[in-house]
Amino acid sequence: PGIKPDEFRFGLRERDVYTEGVKKALNPEVDPTIEKSSGIVDAKVADFKKLTHDEVGRAKNHGQGPRRISPDSTFGTRSMRVPEPGAKDVITGNYAPAEQQPDADLGKSLRFGYRNVTTVTRPFGVPTIRTDIPAPRQ
């Protein structure tokens, strides 16, 4: 009435053998028990997932590959929304004679207290070449 050791095993016997668990966890498409989705997604969503989700065992996608844009497309916005003078117009003076005249306040201080308003007609400051003192020896 005893137990025959060559026919009996202690513990529960596994009915469904599950192998390659880590492989199936990392890549669910390999697992035949998981139902496959239809996979209909927008191309932008698929591209975003490829760019942001790293695949295990593959090099990271830095987004340096080919883009799905037409060859005649440009990036950014237009720089000139209304006609503006370019460098050529400024250099050649392609503007009205009234605009070419100097400003009325050119050379005058606009800050109160710094205007040097006086009745004296002599120039203020020191000249660049001094004649009132002897030149230094060389």
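Tutor: K24 is buried (under 20% relative accessible area, with a 1.4 Å probe and protein chains only), yet K24 has no salt bridge, and the nearest side chain of opposite charge, D31, is 4.2 Å away. A salt bridge here is a side-chain nitrogen of Lys or Arg within 4 Å of a carboxyl oxygen of Asp or Glu. For charge, Lys and Arg count as positive and Asp and Glu as negative, while His and the chain ends are not counted. This is a predicted model, in which local features need pLDDT of at least 70 and side-chain atom pairs count only at pLDDT 80 or more, while totals for chains, interfaces and linings use all residues. Residues are numbered from 1 along each chain as its sequence is written, and side-chain values use heavy atoms, with hydrogens and water left out.

K24 sits in helix α1; helices are DSSP runs of H or I with at least four residues, numbered from the N terminus. A polar atom of the K24 side chain lies 3.3 Å from the backbone oxygen of T19. Leaving aside residues up to four places away in sequence, K24 touches Y18, T19, D31 and P32, where contact means heavy atoms within 4.5 Å.

D31 is placed in the loop between α1 and α2 (43–52). D31 is likewise buried without a salt bridge. The D31 side chain makes a polar contact with the side chain of T33 at 2.8 Å; such a contact is a pair of N or O atoms within 3.5 Å, and within protein one must be able to donate a hydrogen and the other to accept it, with residues adjacent in sequence counting only if both atoms are side-chain atoms. With residues up to four places away in sequence again not counted, D31 touches Y18, K24 and K36.

Conventions: Helix = DSSP H or I, 4+ residues; strand = E, 2+ residues; numbered from the N terminus. Buried < 20%, exposed > 50% of the residue type's maximum accessible area, 1.4 Å probe, protein only.
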